[in-house]
Amino acid sequence: MRVFGAAMILCAFTAGGFLISVEMRRRCTFWERFITALEMLKAEIGYNGSDLKKAFAAASEVSGLKLFERAADRLSELGIDAAWAEAVREGGANTEDMKLLLLLSSRLGKTDVDGQLKHIEYISSLAEETRAKAENIYMEKGALFRRGGILVGIFVVLVLI
């Protein structure tokens, strides 16, 4: 029975370390997809002359982010600011990421096409910086959390035995 308990403790701490590492990687992937969505949004608004609903739907389709799809679905009834804010809140981003995401709607649909494109470029540059930071954090700490989970699990098992 003690061996089973020790194995469960070790597994729990190991899984915790791996889950934290996976979440860090998921954040990197999100920002990569978000940048792709911004490129599609820029193309739809600048070159195709699409309205925001169609542009958001296309960005969602290309990037695979449901964030843009949720915003596109609510755009008609709520307007750009409220629809985007609601979609971002439902996405479950951390506070720092949420601040950047909410900036996107501040100029979309409110200025001329050139103004919107410049704003998307600005948001894209901020998103690229955030992606690079997230990637650095993952590269520095991802393996640490994986190994640390195993080591902490072993330590706890040894203390309890």
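A pocket is an open set of points on a 1 Å grid over the protein atoms alone, where a 1.4 Å probe fits and protein lies on both sides within 12 Å along at least five of seven lines; its lining residues have an atom within 4 Å of a point. This is a predicted model, in which local features need pLDDT of at least 70 and side-chain atom pairs count only at pLDDT 80 or more, while totals for chains, interfaces and linings use all residues. Residues are numbered from 1 along each chain as its sequence is written, and side-chain values use heavy atoms, without hydrogens and water.

**The largest pocket**

The largest pocket is lined by 20 residues, and Arg 26, Phe 30, Gly 91, Gly 92 and Ala 93 lie nearest its centre. Two or more lining residues come from each of α1 (2-46), α3 (66-78), α4 (80-91), α5 (95-103) and α6 (113-160). Such helices are DSSP runs (H or I, at least four residues), numbered from the N terminus. Helix α1 gives the largest share of the lining, 7 residues.

**Aromatic rings**

A search of the whole structure finds 7 aromatic pairs. Rings of Phe, Tyr and Trp (its six-membered ring) pair if their centres lie within 6.5 Å; planes under 30 degrees apart count as stacked, over 60 as edge-to-face and the rest as tilted. Two of the pairs are set out here.

| Pair | Centre to centre | Angle between planes | Type |
|---|---|---|---|
| Phe 30 and Trp 31 | 5.2 Å | 80 degrees | edge-to-face |
| Phe 68 and Trp 84 | 5.0 Å | 50 degrees | tilted |

Phe 68 lies in helix α3 and Trp 84 in helix α4, so their pair ties together parts that are 16 residues apart in sequence. Both Phe 68 and Trp 84 are buried. Buried means under 20% relative accessible area, exposed over 50%, and partly exposed in between (1.4 Å probe, protein chains only). Trp 31 is also buried, at 0%, whereas Phe 30 has a relative accessible area of 22% and is partly exposed. Ring pairs link Phe 30, Trp 31, Phe 34, Phe 56, Phe 68 and Trp 84 into a cluster.

**Around Cys 28**

Cys 28 belongs to helix α1 and is buried, with a relative accessible area of 0%. Apart from neighbours within four places in sequence, Cys 28 is in contact (heavy atoms within 4.5 Å) with Arg 131, Ala 134, Glu 135 and Tyr 138. The C-alpha atoms of Cys 28 and Leu 67 are 16 Å apart in space, and the two residues are 39 residues apart in sequence.
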